[in-house]
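Hello,

Here is the structure we talked about handing over. Please load it before reading on; my notes follow below.

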Amino acid sequence: MTTAPSERPPRDRARRGPHIKLFGSIFPYDRSWLTQDVVAGITLAALAIPEVMGYTKIAGTPDVTGLYTILIPILAFAIFGSSRHLVVGGDSATAAIMFAGIASLGIAGLQPGTPEWLSLASLSALMAGALLVLARMARLAFLANFISRTVLIGFLTGVGIQVAMGQLAGMLGVPSPHVDVSRASGDVIKFWDTLKEIDQTDGATLAVSVSVIVVLVVFERWIKMIPGGLVAVVGAIAVSWIFDLQAHGVSTLGHVPSGLPHIGFPSGISWSDTTGLMATAVSMFLVILAQSAATSRAYAVKYKDRFDESDDLLGLSAANIAAGLTSTFVVNGSPTKTEMVDEAKSRTQVAQLTTAAVVLIVLLFLTKPLQYLPNAVLSAVVFLIGLKLVDIANMRAIWRLRRDEFAVALATAAVVVGIGVEQGIVLAIVLSIILHVRRHYAPHDAVISWDAAGHEVASKPTPGAQSEPGLVVYRFGVGVFYANAERFTEEIMSLVDTPSPPRWLVLDAEAIDDIDYTGGQTLVEVVEQLSQRGVSFGVVDASPELRRELDRFGITAKIGEDRYFDDLAAVRQAFRHEAQ
């Protein structure tokens, strides 16, 4: 009997140190899952093959390299990764970053689709893989948390808009405008030039594009048991072959090489290429880290699985190194492909191994029919993928809940579309850090008082506010550090520098988890200033770790052990007792 998702065998707890566990994404394994995994893997292949071939339009690499991204790399992650569900392969966000990075090198004569371009694409995958290895060795998986969900949504929305705009020419059959790929705003210019040439739209190509979109939408919404992507691709190949669409002006893929990819280090590259692509590799590394970790974590929570982020880093690094050594471009944990295989009821990475086997069969025996596939099919597939990345639902939710964060998400998306993907990811990181610092710079501080029933009441720390006559309980909402230390001092002094100053000021430290050097010295100065004004300083609800911090900074020596209180009731009791 098949085990329900909630009854899956428990995974080993996250491991520490350099230990490497192979096939952690598969074992322990229940044989009753095999049929379901195989069916899910075949379904994923049917959906993912046209998708990854479409991503080559974003990456600027030959069409067959899309298939390579779900061959050896997907196998490498299954061996070294820990997530049972994450699907690794070509991805629109990292492909767009890579394209922008290679284009920015400004190498004379360098054009997408050439062997030189592919070598640089493979090199960027190797560099991203190396950074992931270093991150695993240095235990830097936590860096995934430094890109907030807000900016990630904005970033992917911008990428989706950019990707969708870039496919318009291919969908309409308009001659693709010649745009300098080294220009950051190349996609916007290409989109605008396409609109200016819209009167040259090829009717047959447009019909193919519309048909593919209709098929994909209909099957996704109403006939979910049959892969719409497979129907669209097979149907388009059949129609193209039977009616010779190429003779009617519809461009097709043409010859697609069969067989396995070339294995080896990219040829024709130099050290200057490595240094020139470093910023691109770092950008891809950060997106891979954030997107893959978020996807793995979401499905681990859904199925009550445990996964090890460090092992996933190793799996992702192995996948990218495999991509770099097999003549293809960077790979990433894909939310869309992961959702595809999950909807097909997969249990483990055996499904992904099945996908790799199907791709192998296609490469060895079925590439000849692909030559009839209209390019408009891939453009339409990628166009819809781009639209799906435009996360309107979450953007609306951010607008409704946090207007300041919506502005950040919108700015990130605008920079990606108008300036470039690399600049967008840099902005995303900077804005994530600014949001974090801003919240800690301006926390929710309060003066705690009590109503007639004895319930706590929090009010703004306005000048003269008191908890009860002669007593101020001041709650600071975060740790005290260099950015908010001045605010901390100003608010406290505003509470005591009044016509009727309090006799006691007690710091409610429940939310204070840390004090840096600046914060510690600020506290010392505050205690001294309060003492000069005849105000006694105390601390309530400090954790043992915070008490040790205060001891080291000399706070305890200045105020005495009797000025530490376990709770607010103890504060009120001690204050009233002293007043008697």
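**Cavities**

By class, the second largest cavity is lined by 5 nonpolar, 1 polar and 2 charged residues. Here nonpolar covers Ala, Val, Leu, Ile, Met, Phe, Trp, Tyr, Cys and Pro; charged covers Asp, Glu, Lys and Arg; the others, Gly among them, are polar. The lining residues are Ala141, Leu289, Ser292, Ala293, Glu309, Asp312, Leu313 and Leu316. Two elements give two or more residues each: α12 and α13 (309-325). The largest share, 4 residues, comes from α13. The space inside is about 60 Å³. In total the structure holds 3 cavities of 30 Å³ or more.

Terms: on a 1 Å grid over the protein atoms alone, a cavity is a set of points where a 1.4 Å probe fits but cannot get out. A pocket is an open set with protein on both sides within 12 Å along at least five of seven lines. Lining residues have an atom within 4 Å of a point. Points are joined across faces, edges and corners, and a volume is the space filled by probe spheres set on them. Helices (H or I, at least four residues) are DSSP runs, numbered from the N terminus.

**Model and confidence**

This is a predicted model, in which local features need pLDDT of at least 70 and side-chain atom pairs count only at pLDDT 80 or more, while totals for chains, interfaces and linings use all residues. Residues are numbered from 1 along each chain as its sequence is written, and side-chain values use heavy atoms, with hydrogens and water left out. Mean pLDDT (the predictor's confidence in each residue, from 0 to 100) is 88, and 94% of residues reach 70 or more. Over residues 1-17, pLDDT stays under 50.

**Largest pocket**

The volume of the largest pocket is about 1,600 Å³. It has 49 lining residues; nearest its centre lie Pro335, Thr336, Glu339, Met340 and Lys388. Helix α12 (residues 278-302) gives the most to this lining, 7 residues. By class, the count is 27 nonpolar, 12 polar and 10 charged.

**Helix α18**

Met395, Ala397 and Ile398 are buried in α18 (residues 392-401). They sit on the same side of the helix because they cover an arc of only 160° around its axis, taken from the directions from the axis to the C-beta atoms. Buried means under 20% relative accessible area, exposed over 50%, partly exposed in between (1.4 Å probe, protein chains only). Exposed Ala393, Arg396 and Arg400 are on the face of α18 turned away from the buried side.

Regards

How values were computed
Contact means heavy atoms within 4.5 Å.
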